[in-house]
Amino acid sequence: MDHVSTSPTAPVAFLKGHGTENDFVIVPDPDNTIDLPSRVVAALCDRRAGIGGDGLLHVVRSAAHPEARAMAGEAEWFMDYRNADGSVAEMCGNGVRVFARYLQRAGHVTAGDLAVATRGGVKRAHLAKRAVRATGTEDGDITVRMGRAVLPDDGVTVAVGGREWPARNVNMGNPHAVTFVEELAHAGNLYSAPPVSPASVYPDGVNVEFVVDRGPRHVAMRVHERGSGETRSCGTGACAVAVAAARRDGTDPAVTGVPVAYTVDLPGGRLVITEHPDGEIEMTGPAVIVAEGNLDPAWLETVFRNTP
């Protein structure tokens with residue numbers, strides 16, 4: 001529940017970034033002094049009346065945030081992630097890459113290894129050095145160690161437009177229901193959350209992935225993210241899809257003893273997901289910062305005063 005809040009009196013800086021077109025409003029706040037109630041987050045993420053984004057990355061030092069202090073010894077920075085509707089979320093894979101890119105841009109980190117605290121635990125990232133290509137020098141991809149998947153043995157079903165499909169329950173620090181379909185169009189418009197049954201399996205909602213095959217160890221997907229609707233990309237969703245595909249294809253690394261990599265095409269771009277025999281999952285892809293500035297104080301005051 002939001003506590004009583006007032007508009008910040010000092011200018012509030014923001015940036016805008018995306019990872020395979022999963023886009024975020026970034027609010028740097030090292031000392032955790034900016035109050036971001038859900039109604040304000042939703043206004044910032046509004047694509048017509050705000051900046052627009054699938055979510056918000058609140059950048060805070062772990063030691064300054066009550067939910068992250070216990071992780072401060074492992075990770076200096078905490079990704080306080082919010083969905084576009086203002087609700088709190090455990091993790092966002094694409095968000096970690098964009099979060100890391102911001103820290104690099106701000107001079108807090110350089111290329112190499114980085115630990116990021118999240119509500120889903122500490123995530124390890126590696127920022128590749130800038131690459132020289134024919135089109136110029138580009139930022140290198142970012143690889144995030146996403147942890148291990150948990151696969152509860154729950155039989156779930158996804159339904160859209162009179163069709164039903166069995167789905168794999170995969171938890172990547174947040175919940176997913178992965179279903180394989182004949183065509184991505186079978187997912188429908190994804191404006192609202194596809195019904196998943198039994199609903200009791202996901203008491204806090206679920207991200208739903210629809211997947212088709214494109215070739216050997218190559219799939220494409222669409223996703224409805226809880227609290228955001230259909231997004232152009234979902235990093236934890238891509239990991240969940242690769243895990244589900246490996247079990248379906250008989251390439252589970254825990255069984256074969258050999259790492260397996262899946263190329264996952266999303267509407268916003270391409271990610272490569274690698275699962276190792278110990279269960280560790282790595283996600284590799286781009287992250288881009290596209291803009292930065294300051295929120296208009298008058299607009300922000302209006303949001304705090306008038307948003308219910």
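Guide: What follows is a set of questions about labels and the values behind them.

Guide: This is a predicted model, in which local features need pLDDT of at least 70 and side-chain atom pairs count only at pLDDT 80 or more, while totals for chains, interfaces and linings use all residues. Residues are numbered from 1 along each chain as its sequence is written, and side-chain values use heavy atoms, with hydrogens and water left out.

Visitor: Why is the pair of Trp165 and Phe210 called edge-to-face?

Guide: Rings of Phe, Tyr and Trp (its six-membered ring) pair if their centres lie within 6.5 Å; planes under 30 degrees apart count as stacked, over 60 as edge-to-face and the rest as tilted. The centres of Trp165 and Phe210 are 6.1 Å apart and the planes stand at 85°, so the pair is edge-to-face. Trp165 belongs to strand 11 (residues 163-171) and Phe210 to strand 14 (residues 207-215), 45 residues apart. Strands here are DSSP runs of E, at least two residues, and helices are runs of H or I, at least four, numbered from the N terminus.

Visitor: What makes Trp165 count as buried?

Guide: Buried means under 20% relative accessible area, exposed over 50%, and partly exposed in between (1.4 Å probe, protein chains only). Trp165 has 7% relative accessibility, so the residue counts as buried. Phe210 has 0%, and therefore is buried.

Visitor: How many aromatic pairs does the rule give?

Guide: The count is 2 aromatic pairs. One of them is Phe24 with Tyr81, edge-to-face at 6.0 Å centre to centre and 75° between the planes. Phe24 is in strand 2 (residues 22-28) and Tyr81 in strand 4 (residues 77-83), so this pair ties together parts 57 residues apart in sequence. Phe24 and Tyr81 are buried.

Visitor: How do you know that the charged end of Arg248 sits over the ring of Phe180?

Guide: The rule asks for NZ of Lys or CZ of Arg within 6 Å of the ring centre and within 35 degrees of the ring normal. The charged end of Arg248 sits over the Phe180 ring, 4.3 Å from its centre.

Visitor: Why is Ala261 called partly exposed?

Guide: The relative accessible area of Ala261 is 36%, so the residue is partly exposed. Ala261 lies in strand 17 (residues 260-266). Its contacts (heavy atoms within 4.5 Å) include Arg217 and Ile273, not counting residues up to four places away in sequence.

Visitor: Which residues have the most contacts inside the largest nonpolar core?

Guide: They are Met79 and Ile273, in a core of 53 residues. Such a core is a set of buried Ala, Val, Leu, Ile, Met, Phe, Trp, Tyr and Cys residues joined through side-chain atoms within 4.5 Å. Helix 3 (residues 235-249) supplies the largest share of this core, 9 residues.
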